[in-house]
Amino acid sequence: MFNRKAFIASTAATGMLAAAPAFAAEPEKVIVAQAFQSLLYLPLYIGIDKGFFTKRGVDVTKVTAGSGANGIAQVLSGSATFSLQDPMTMVLANIKGAKMKSFASCVDGVPVWIIVMKDSPIKTVADLKGKTIATAIPPSTSTYLLQRELESKKIAATTQTVLLGTEIAPLLAGKVDAAAVYEPYLEDAIAQGARVIFEFSSSAAGGYAFSSFDALETTLKTRPAAVQAFVAGLDDAIKSIAADPASATDVAIKEFPSLAPDVIRSGIKRMLRENVYPKNALVSPAAFDNALALQIAIGNVKPGAATYAEMVDPSFAQKVVKS
C-alpha cells in the first residue's frame with residue numbers, strides 16, 4: 001500500500017542531501033625544510049600564519065634543517081616535501097647526481113651589506129684597502145660576494161671569518177674595520193652605532209636568486225596540485241608584504257620574539273626598499289643567472305655545468321603570475 005507520509009519524508013530527506021554542500025577535500029600536506037629561521041623567509045611565515053596556504057588548499061608545516069645542505073638532504077630522503085635555501089646549493093647537489101628543481105622564489109635580491117662604525121674614516125669600498133673585514137665562514141654568499149667585490153676592484157684587504165650571525169661582534173669591539181652582514185644583524189649594528197657603506201643589492205640588476213623553494217623532479221610531476229596550491233599561497237603572501245607591511249611585521253615579531261620590534265620593523269622596511277623580497281613567486285632567468293655567475297666566478301660551478309632550463313621549473317609560478 002502506498003504510504004504518502006513515508007514518501008514525503010523520503011523525498012524531503014533526499015532533497016536535503018542533494019542541497020547539502022559536498023565535504024571539502026582534505027588539504028594537501030606539505031613539509032618545508034628551511035635552512036634557518038630567518039627574516040628573509042618572511043613570505044613562508046606569512047603564508048602559514050595568515051592562512052594564505054590553507055585558503056589555497058595546502059597544509060604547510062615548516063621545519064628548520066640547520067643549513068641549506070641539510071634542507072636538500074631532507075628532501076632527498078623524503079622527510080620533507082620542499083626545501084628553502086640558496087638555490088645554488090640545489091645546483092651543486094644536482095651536479096653530483098640529485099634530480100631537483102627550484103620552482104618558486106622567496107628572496108630575489110641580495111640581503112648583504114658592508115658596514116663600519118659611524119666614526120670610521122671609511123666612506124667607500126675603495127677605502128677598505130689594507131683594512132680587516134669580518135665575514136661569515138664559507139660556504140656563505142656574503143663572503144663570496146665580498147671576495148668578488150674586492151677582487152673586481154683590486155682592493156687588497158684582510159678577511160676575518162667568524163660564525164654566521166656573529167659578524168658584528170668584532171666590529172663593535174673594535175677588532176676589525178668593517179663587516180659584511182645579513183639582516184637582522186644589520187639593524188642591530190646600526191642601533192649600536194654602525195652605518196652602511198655598500199649595498200650588494202645595487203650590484204644585481206634584474207634580481208638575484210638568493211633563496212628559493214626546491215623539490216624533487218618526481219614531486220613536481222606526481223603532486224602538481226599540491227605544488228600549484230603552495231605557489232599560489234606563497235604568491236599571495238609575497239604580495240601582502242608590500243600591501244600591508246604592518247601586518248607582515250606582526251608576523252615577524254611573533255616568529256622572532258628575541259628581537260626588538262623596532263629592529264624587525266627597520267629590517268623589513270629596508271628589504272622592501274631594496275627589493276630583497278620578490279614581487280611575485282617566479283624565479284626569473286636574470287635572477288638565477290646572477291646567482292649562478294657568482295658560483296662560476298668563485299669556482300664552485302664550471303661554466304656550462306648548469307642552466308636555468310635545467311635547474312628551474314617556472315611553470316607553476318607562471319600560472320599564478322599570469323592569472
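Is Gln-295 buried or exposed? I looked this up before anything else. Gln-295 is buried, with a relative accessible area of 4% (buried means under 20%, exposed over 50%, partly exposed in between, using a 1.4 Å probe and protein chains only).

Ground rules, for my own record. I am working on a predicted model, where local features need pLDDT of at least 70, side-chain atom pairs count only at pLDDT 80 or more, and totals for chains, interfaces and linings use all residues. Residues are numbered from 1 along each chain as its sequence is written, and side-chain values use heavy atoms, with hydrogens and water left out.

**Gln-295, continued**

I placed Gln-295 in helix 13, residues 285–297 (helices are DSSP runs of H or I with at least four residues, strands are E runs of at least two, both numbered from the N terminus). Skipping neighbours within four places in sequence, I found Gln-295 in contact with Met-88, Tyr-144, Asn-300 and Val-301 (contact: heavy atoms within 4.5 Å).

**Asp-236**

Next I went to helix 10, residues 224–243, which holds Asp-236. This residue is partly exposed, at 22% relative accessible area.

**Pockets**

I then checked the open space. The largest pocket holds about 810 Å³. My pocket criterion: on a 1 Å grid over the protein atoms alone, an open set of points where a 1.4 Å probe fits, with protein on both sides within 12 Å along at least five of seven lines; lining residues have an atom within 4 Å of a point. Volume is the space filled by probe spheres set on the points, with grid points joined across faces, edges and corners.

I get 32 lining residues for the largest pocket, with Phe-36, Gly-68, Pro-139, Leu-164 and Tyr-182 closest to its centre. Helix 5 gives the largest share of this lining, three residues. By class the lining has 19 nonpolar, 11 polar and two charged residues (Ala, Val, Leu, Ile, Met, Phe, Trp, Tyr, Cys and Pro are nonpolar, Asp, Glu, Lys and Arg charged, the others, Gly among them, polar).

The second largest pocket comes to about 210 Å³. Its lining has 16 residues, and Asp-108, Gly-109, Gly-206, Gly-207 and Asn-275 lie nearest the centre. I sorted this lining into six nonpolar, seven polar and three charged.

**Rings**

How many aromatic pairs does the structure hold? I have 10 (rings of Phe, Tyr and Trp, its six-membered ring, with centres within 6.5 Å; planes under 30 degrees apart are stacked, over 60 edge-to-face, the rest tilted). I opened Tyr-45 and Phe-256: centres 6.2 Å apart and planes at 55°, so the pair is tilted. Tyr-45 lies in helix 2 and Phe-256 in the loop between helix 11 and helix 12, so the pair ties together parts 211 residues apart in sequence. Both of these residues, Tyr-45 and Phe-256, are buried.

Then I took Phe-213 and Phe-230, an edge-to-face pair at 5.1 Å centre to centre and 75° between the planes. Phe-213 sits in strand 10 and Phe-230 in helix 10, so this pair links parts 17 residues apart in sequence. Phe-213 and Phe-230 are buried. Last entry: Phe-213 and Phe-230 form one aromatic cluster with Phe-53, Phe-82 and Phe-103.
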